Amino acid sequence: MTTIKTKPAGRLTAAILMLLAATAPAATPALAQSVDLQSAAMADAIGDEDAQATSAVVEPEFDRTSDAAEQQQAGDFYCGERKLGQWFYCERPKAKPSAPQASAQPQQSSTAQLKAITKQLDELKARAILEPTEANVIAYVRYQREQLDRASTFSDTWQRALWQNPDIDYTLQRPVSTVAKRAWTENRSATRDQVLSQLGQRYGMFYFFAQSCAACEVFSPILRSVADSHRITVMAVSTDGGPSRQFPNYVVDSGQRQRMGVPLATPALVLFDTVTRKTVPIGFGVMSADEVMERIFMLTNAKVGSDF
């Protein structure tokens, strides 16, 4: 609303005019004409400035921009200077933080589920044994059958996956079927014999035996055949000073075993690398010829973990 700046008389006049304007629809034409004449006379008496102010009151013009400015000014006064705060709605009350929704219960892990199945199966079995009613036995058998079906499905899926993914099929490295295993064994033997035929150029063997050792009497002929067939030099060492019929050119132990770190067990077979000057224990006790050759091949030509 436009502010009226008038003298006291002007303000009185404006108030009268506002009352007359409020009752204007009910007034008669004569009365309205009389009022207009009276207003004109009063306007002449109080001057042009008061007349303009009176006219502004009779016919007000609403300025929305001015109203917004006044509201902003009032807000600055009440909120800024007086700091009435949220009680005067200068600051909207802060909403209370909503309680966090209960997070969904995490899904049980597969390991926990499997443990729960095992626990339930044991419980049903124990109940059927302790209380062998028909209902308890049926409950146990049915639950057990469910788990057997699950295990069968897993086994079938496993087998199909191996068939279709050769990178995870171990039987391609070490066959288990009769035909494939025979072919793999023959090929392995040929490769091993080829390696052992050249082994004597670099390696030799120390054979620790004792005359009083019954196992040595059994193993000595076996080692003799392996050494002769693959031309491997064998140095026989007697730990008790007694002779050996298979290795007549033996020597008596004078600290060789201790220097090599060979345990006190006979018979003992140790491979010696003439290039690196290192010893490689092959085994202790009675071994077959095939086992001796396989161990030598593995220790000299296969990396750890490559053959399994």
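You're looking at a predicted model, where local features need pLDDT of at least 70, side-chain atom pairs count only at pLDDT 80 or more, and totals for chains, interfaces and linings use all residues. Residues are numbered from 1 along each chain as its sequence is written, and side-chain values use heavy atoms, leaving out hydrogens and water.

**Exercise 1.** Work out how α5 and α6 are arranged.

*Solution.* 
Step 1: Start with α6, residues 134-164, a helix (a DSSP run of H or I, at least four residues). Its 31 residues reach 45 Å from first C-alpha to last, close to the 45 Å expected at 1.5 Å a residue (1.5 Å times one less than the number of residues).

Step 2: Look for its buried residues (under 20% relative accessible area, 1.4 Å probe, protein chains only). They include Asn136, Tyr140 and Tyr143, and part of the cover comes from α5 (110-130).

Step 3: Now take the axes, which are lines fitted to C-alpha atoms over the stretch in contact (heavy atoms within 4.5 Å). Those of α5 and α6 come within 8 Å and cross at roughly 150°. That makes α5 roughly antiparallel (over 145 degrees) to α6.

**Exercise 2.** Which strands are the edges of the sheet?

*Solution.* 
Step 1: Write down the order of the five strands (E runs, at least two residues): β3-β2-β1-β4-β5, an open sheet with mixed pairing.

Step 2: Check the pairing (at least two DSSP bridges). β3 (251-252) and β5 (278-284) each pair on one side only, so they're the edge strands.

Step 3: Zoom in on β5, which pairs with β4 (268-273) in the antiparallel sense over six bridges. There, Phe272 stands opposite Thr279.

How values were computed:
Buried < 20%, exposed > 50% of the residue type's maximum accessible area, 1.4 Å probe, protein only. Axes fitted to C-alpha atoms, helices over the stretch in contact; angles between N-to-C directions. Parallel < 35°, antiparallel > 145°, perpendicular 65-115°, else oblique.
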